[in-house]
Amino acid sequence: MIARDYFIPRPAIYYRDFCFYLALFVVGFAWGLNASWPMVILPWLLATFGLHRAGLFCHEIVHIKDDKLRGFRALYTWTVALIVMVPPLRFQLPHLAHHRLGIFGTPEDPQYPLVRGNAFAMAMVLLVIPFVVPFTNLLMTVTAALGAFRVEAALDRWATEKLGFSLSSALTPEQQAEVTRHARVTLALFIAAIIFVPAALPFYYAVLVLGWALLTARIPLEHELERLAETSGREDQMIDSFTIESPLALIVQPVGFRFHTAHHMYPGVPYHNLPALHEELKRTIPEYRDSIISLWTAISGPKRRPANSLH
């Protein structure tokens, strides 16, 4: 067990980092609307950099339930979640399933794509999905705004069977109501953009595509993603997770994501405490150190799993 102090979030850090990244997005986006080629590349990168990092705080909202962050959750939900068209509940359900004992790394895990060693699947995740996700998110926004969750479920079954990825998760009536409220605001803002600033939409799409590309680029860096298990336990969360200490990993793994092993072992620890937790686990658990790999090893394909493993 680790000290309880590791689980205590510091709201001031959350607000500071999130608002900084959000401000970078706003500045980059406003700049990009008035820039011409090739200068527009700079604000495009700036806006994407800010939105990508601000968007990753959805991960914190899902895991950290402390009442101290209630205001922060509202801030995220009604700013960045509107921009990316993904309310936290859309991410929460599949992601918590990914962390659940007995589900992680099994066929029931919705966030364990078998891309390692599968060039087609890897290309889909890294090169195709970023271009598609803005449209699927808009589609899910429309269905949710209309309360058409049966249609959404049918679309999800089709996408899962034909395309190999899920579009949504089953929601309770209370969750449907929350998602519908958020979707209606999102859709209203999108329609307003079409009417009043249609010229901004291509730049907006370009920012979303690069942002999703950065997000999907971290997927192969965090787990083996080669085989599925029949079941999984607490130890599998450590064995089949990677930590990359190289600062280069921050390009696609900011906000604590590069300490992925520590996160899977203790998902309730806020991102700002993960570096210290990582150092403690290195000192106290010899097996934990096996999860620390180089960036190149993560990209080329780590081979650490014992032959008698379920995976």
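Glu279 is partly exposed, at a relative accessible area of 36%; here buried means under 20% relative accessible area, exposed over 50%, and partly exposed anything in between, with a 1.4 Å probe and protein chains only. Because Lys282 and Glu279 sit three residues apart in helix α13 (residues 274–284), about one helical turn separates them. Helices (H or I, at least four residues) and strands (E, at least two) are DSSP runs, numbered from the N terminus. Glu245 joins in as well: together with Glu279 and Lys282 it is linked in a network of salt bridges.

All of this comes from a predicted model, in which local features need pLDDT of at least 70 and side-chain atom pairs count only at pLDDT 80 or more, while totals for chains, interfaces and linings use all residues. Residues are numbered from 1 along each chain as its sequence is written, and side-chain values use heavy atoms, with hydrogens and water left out. The pLDDT, the predictor's confidence in each residue on a scale from 0 to 100, averages 93 over the protein, and 96% of the residues score at least 70. Residues 306–311 are another matter: the pLDDT there is below 50, though the stretch still has twelve contacts in the model beyond near neighbours in sequence, a contact being heavy atoms within 4.5 Å. Where pLDDT is low, the predicted coordinates should not be read in detail.

Back to charge pairs: the salt bridge count comes to seven. Side chains of opposite charge can pair when their charged atoms come close. One of the bridges brings together the side chains of Asp17 and Arg16, at 2.8 Å from N to O. Asp17 counts as buried, at 15% relative accessibility, whereas Arg16 is exposed, at 53%. Another is the pair Glu226 and Arg227, at 3.3 Å from N to O. Here Glu226 is the buried member, at 18%, and Arg227 is partly exposed, at 38%.

Leu225 has a positive phi of about 60° although it is not a glycine. This residue sits in the loop between α10 (201–217) and α11, and it is buried, with a relative accessible area of 1%. Val255 does something along those lines, with phi near 55°, a positive value in a residue other than glycine. Its place is the loop between α11 and α12, and at 10% relative accessibility Val255 counts as buried. A further backbone feature turns up at Trp37 and Pro38, which are joined by a cis peptide bond with omega of about 5°. Pro38 is found in the loop between α1 (11–32) and α2 (41–55).

Gln237 lies in helix α11 (residues 234–239) and is buried, at 3% relative accessibility. Leaving out residues up to four places away in sequence, Gln237 touches His99, Arg100, Leu101, Phe104 and His264. His264, in turn, lies in helix α12 (residues 260–265) and is buried, with a relative accessible area of 3%. With that sequence cut-off, the residues touched by His264 are His98, His99, Phe104, His223, Gln237 and Ser241. The side chains of His264 and His223 also make a polar contact at 3.3 Å, that is, a pair of N or O atoms within 3.5 Å; within protein, one must be able to donate a hydrogen and the other to accept it, and residues adjacent in sequence count only if both atoms are side-chain atoms.

Pro88 belongs to helix α6 (residues 88–99) and is buried, at 9% relative accessible area. Beyond residues up to four places away in sequence, Pro88 touches Cys58, Ile61, Val62, Tyr76, Thr77 and Ala81. From Pro88 to Gly105 the separation is 17 residues in sequence and 23 Å in space, C-alpha to C-alpha.

Ile191, Ile194, Ile195, Phe196 and Val197 form a nonpolar patch with about 510 Å² of accessible area together. Patches are made of residues with over 30% relative accessible area and no salt bridge, like charges being joined within 9 Å and nonpolar side chains (Val, Leu, Ile, Met, Phe, Trp, Tyr) within 5 Å. Accessible areas come from the Shrake-Rupley method with a 1.4 Å probe, and for residues only the protein chains shown count as cover.

Notes: Salt bridge = Lys/Arg side-chain N within 4 Å of Asp/Glu carboxyl O.
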